[in-house]
Amino acid sequence: MLYRNVQSLSYARFSIWLVLFFVYSCALPKSNLTIDPLLLDVRQDRIKSHISFLADDRLMGRFPGKPGFHEAAEYVINNYKAFGLLPAGENGTFLQTVRLRTGIIEKNESSLIIMSDTNKTVLTEGDEYVFIGDLNNSQNYVSAPVVFVGYGVEAPHMGYDDYKNKNVRNKIVVATIGVPDSFPSTEAVHFSTNATKFESAIKHGAVGMILTLPGNSLGRMMHRYRDIGNDGVVAADGKAFGKNVFGSGLKFAAIVSWDAMKKIFNSDPEQYWIRYDKSAQGDSITIQISAKTKTSYTDITSYNIIGKMTGRDDHLKNEYVIYTSHLDHLGVGHPVDGDSIYNGAHDNASGVACTLEIARLFTSLIQKPNRSVLFLTTTGEEMGLLGSEYFTRFPTVTKENIIADINIDMPTLIAPLLSIEALGAEHSNLMTYAKGAATQLGLDIMPDHMPEQARIVRSDQYNFLRQGIPAMHIKYGLKTLDSTRNLATEIKDFMNHTYHTPSDELNESFDFTAAETFVKINFMIGYSLTQTRVRPFINKGDVFENENKAK
């Protein structure tokens with residue numbers, strides 16, 4: 001049947017394939033003609049069935065460590081086995097154990113005090129500051145002088161370095177949340193993350209870090225860190241890490257209101273910024289800060305689920321293309337209109353469902369691809385990309401042999417899929433592969449239409465990029481053939497009223513024809529990556545190339 005379908009392709013269609021092959025320089029392999037009929041076998045009913053199971057109320061929102069998550073994990077494993085995937089977790093299983101930790105500050109046993117030669121000011125927790133829990137030391141105390149370091153950004157390859165010519169060793173650094181206005185969108189969100197700012201402070205020997213935001217009165221940050229806590233993942237040696245974990249070098253990290261900053265600066269902070277800009281060096285602030293923290297921990301044992309399809313080429317089979325999709329969601333939470341189960345049908349039952357269909361396509365191939373393919377279903381994504389953070393630090397295969405990550409998170413299947421945004425692909429030559437597959441399917445490629453949402457750092461592809469591994473994440477573009485539809489408005493409405501709410505359920509909002517197209521383009525990109533002899537690479541001079549050189 002496969003041979004007959006291939007032979008029936010028109011000469012014109014064959015010519016298009018041939019031209020595309022040369023245009024994309026090995027991104028589209030010669031054997032693409034053999035997979036074309038397979039793409040016709042993408043099954044919408046299978047995708048819908050997977051979502052129906054994973055987003056069912058009985059799974060109670062798939063929160064890590066809860067029975068619903070374990071049932072969802074067992075469902076994924078059973079499908080992996082049915083497809084013929086091999087276990088690629090630990091000890092010959094499909095599982096990689098991931099220990100998640102949440103820390104809550106003990107408010108009554110923690111304090112932040114400003115001390116000068118003549119005065120002592122005790123700041124008010126909750127109104128003027130909030131600590132970020134230390135997930136590595138339950139109790140800490142430090143008293144040290146303070147140095148202002150602008151944004152706390154170290155990006156010498158961009159001609160910007162707040163730490164240049166500053167001695168912050170054994171001092172507490174004060175930095176403004178954010179980055180200079182001149183930074184491009186990806187660099188802006190990358191250097192704005194707590195993790196990046198913590199790393200620079202630790203690298204230069206600081207013992208504490210205070211972050212502030214002009215005009216900010218703590219608000220949502222207070223609720224996040226004071227009431228919910230911060231999350232990390234724990235390595236085998238007992239050390240916690242993650243994007244909200246500041247490591248053993250810093251004794252504390254705090255977010256301070258703008259009004260409280262006036263007490264630290266003993267002047268209008270805006271005036272201090274003016275002096276800082278003029279000096280390009282900053283100066284020590286003539287006070288000391290004493291910080292005492294006590295953090296209580298809760299640990300959860302969860303799992304990444306990993307299946308493998310071994311490639312056929314004697315050399316390339318030791319290299320891996322990875323598909324990631326996160327299994328977890330928010331569990332049971334605050335009721336909305338009487339519903340307290342956060343089902344996560346779009347986020348990310350749909351992504352896991354599409355990944356399972358992609359795995360089925362790969363295992364249906366008559367001829368295996370040259371490279372091996374890993375299917376990594378992660379835990380703890382909603383807690384701060386923790387499952388992928390753990391895997392990229394401690395992969396179950398040789399890290400140097402991971403050539404690319406294709407992340408599938410919340411496809412947002414709410415309209416015909418006519419264009420895509422290949423988030424992260426612009427940092428590597430993966431954009432070539434994305435363009436090649438999009439052209440074959442008649443899809444347009446658009447730039448990120450909502451860069452302010454910082455989506456590049458908010459899903460699992462970010463951890464691969466941080467490790468210098470090319471990674472991408474396909475999202476909806478805004479093209480529509482219906483002049484009455486405004487996809488930008490529809491996506492915004494989805495984000496405001498469905499995303500991370502109990503109303504994210506399997507309903508009539510899903511467009512399963514779009515799901516079929518979504519599966520096809522992600523499959524085609526991954527298949528091309530398995531076939532090419534050219535290894536993907538991060539672009540020379542890119543922020544993620546420079547970040548990895550600096551490590």
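**Close-up 1. H500 in the loop between α15 (487-497) and α16 (512-531).** This is a predicted model, in which local features need pLDDT of at least 70, side-chain atom pairs count only at pLDDT 80 or more, and totals for chains, interfaces and linings use all residues. Residues are numbered from 1 along each chain as its sequence is written, and side-chain values use heavy atoms, with hydrogens and water left out. Helices (DSSP runs of H or I, at least four residues) and strands (runs of E, at least two) are numbered from the N terminus. H500, which is not glycine, has a positive phi near 55°. Its relative accessibility of 24% makes H500 partly exposed (between buried, under 20% relative accessible area, and exposed, over 50%; 1.4 Å probe, protein chains only).

**Close-up 2. R62 in the loop between α4 (44-54) and α5 (67-83).** R62 also is a residue other than glycine with a positive phi, near 55°. Most residues other than glycine have a negative phi, and most peptide bonds are trans. R62 counts as buried, at 0% relative accessibility.

**Close-up 3. The cis peptide bond between D347 and N348.** Omega of this bond is about 5°. N348 belongs to helix α11, which covers residues 345-364.

**Close-up 4. S419 in strand β20 (residues 419-423).** S419 is buried, at a relative accessible area of 1%. Leaving aside residues up to four places away in sequence, S419 touches L443, D444, M446, K475, Y476, G477, L478 and K479 (contact: heavy atoms within 4.5 Å). The S419 side chain reaches the backbone nitrogen of K479 at 3.0 Å.

Methods: A polar contact is a pair of N or O atoms within 3.5 Å; within protein, one must be able to donate a hydrogen and the other to accept it, and residues adjacent in sequence count only if both atoms are side-chain atoms.
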